[in-house]
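My notes follow the structure.

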Amino acid sequence: MNLKNQLGHPDVVKALLTAIHSDGSGAVSFRDYMDICLYNEPHGYYRNENPKIGKQGDFYTSSSIGSVMGEMIAACICKELPADYSEHEAIHVVEWGGGAGRLALHLLDELKRTTPAVYERVTYTIIESSAYHRDLQRAALQEHSSKLRFTDAAKWLGEEPQENVYVIANELLDAFPIHRIRCKDSAFQESYVSWHETEQIFQEIWRPLQSEHIVDYLTHIEVQWLDGQIGEINLAADRWIVNVGQRMASGCCIVIDYGDIDTELYAAHRFQGSLMCYRQHQAHDNPWIHQGEQDMTAHVNFSACERAARKQGFAPVIIQTQREFLVEQGILQKLQDHFDPNPFSDVSKRNRAIRQLLLSDQMSELFKVLIAMKKR
């Protein structure tokens, strides 16, 4: 394969080369490489205006499969409202990264339809750093415009803690840049990225692990690493949970993502780690091509997220498969018995969406849901 001919957006490649050549060692960490590929302005993958989700994009999310996921999260929020909740109290729903606004639309539609008293008290804050996605969200949510608030992460996190805060992170944490590590000769190394001038390609090099944060992270993982085994460390996910927890006086944090507990993520059968790239609905494990033009993601370590949540005062903290979460929130009551020869009827499409969320290996088992609660 000629990697030179598969380099990504010229401006993203230029930003990577600038970072590499500006570093005295001639290389940047894989974490910084991934950050530039995904978030460089304005052509990084999550900053450009190309469709990401759905048929015209690169992947599907649970919110793009019908309206059921938003409805189930609405049900979860209503269940977690405190027993002494007053109808005069404000409810703060905060979605971190809202994509095209579909999840917010489905959630607010469900609250308005089933629990209008709760809907009246809701403010729906979307923390979205992409101007392109903010425009899509405003267009999708015109009917609920009076409920919306748009802000950025720094501003929201800097505000005083509030009661009744319900934070939603749907496929957010797996998009955080990760550190890529390898166990070699009974020691850990970290992945760095340099530029091969002759071949005109990016290449991976390994250096001794220096980060004390990663060393501390590894002490909590009770896994026997094999020689040459590769894994990913998502320090940003832990920091995110801590920061969100400090902003919440009471409420619930709902994290939905690809991932598993640490003994599974770093088990021997994941010798090459979980890093994957997605482009035009094709999955592969080559991050050295299509910079800025493909998604890059790694499974979330829900054990680490749980540890961070408990340390921040969340209790209880529950980890479930997506299937368990949906069943617990009442998805089976959404299935409708019918005989309809038209596979494109609303009922038929809705039932197919429910079955896909429950039965698909890609959605029902690989996706996990972390529910971290703060009681007042």
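**Pocket entry**

I worked on a predicted model. I looked up the second largest pocket, which holds about 440 Å³ of space. Which helices each supply at least two residues of its lining? I found α8 (212-219), α9 (235-247) and α11 (302-311). I then listed the lining by residue. H213, D216, Y217 and H220 line this pocket. I sorted the lining by class and got five nonpolar, two polar and five charged residues.

**Cavity entry**

How many cavities of 30 Å³ or more does a search of the whole structure find? I noted two.

I took the largest cavity next. About 60 Å³ of space lies in it. Its lining consists of Y217, E232, N234, L265, Y266, G273, S274, H299 and N301. By class I wrote down three nonpolar, five polar and one charged.

I then turned to the second largest cavity, with about 40 Å³ of space. Y258, S274, M276, Y278, T297, A298 and H299 line it. What classes make up this lining? I counted four nonpolar and three polar residues, with no charged residue.

**Cross-check**

Key. Residues numbered from 1 in each chain as written. Predicted model: local features only at pLDDT ≥ 70, side-chain atom pairs only at ≥ 80, totals over all residues. Heavy atoms only, no water. 1 Å grid on protein atoms, 1.4 Å probe; cavity = no way out; pocket = protein on both sides within 12 Å on 5 of 7 lines; lining within 4 Å. Points joined across faces, edges and corners; volume = space filled by probe spheres on them. Helix = DSSP H or I, 4+ residues; strand = E, 2+ residues; numbered from the N terminus. Nonpolar A, V, L, I, M, F, W, Y, C, P; charged D, E, K, R; others polar.
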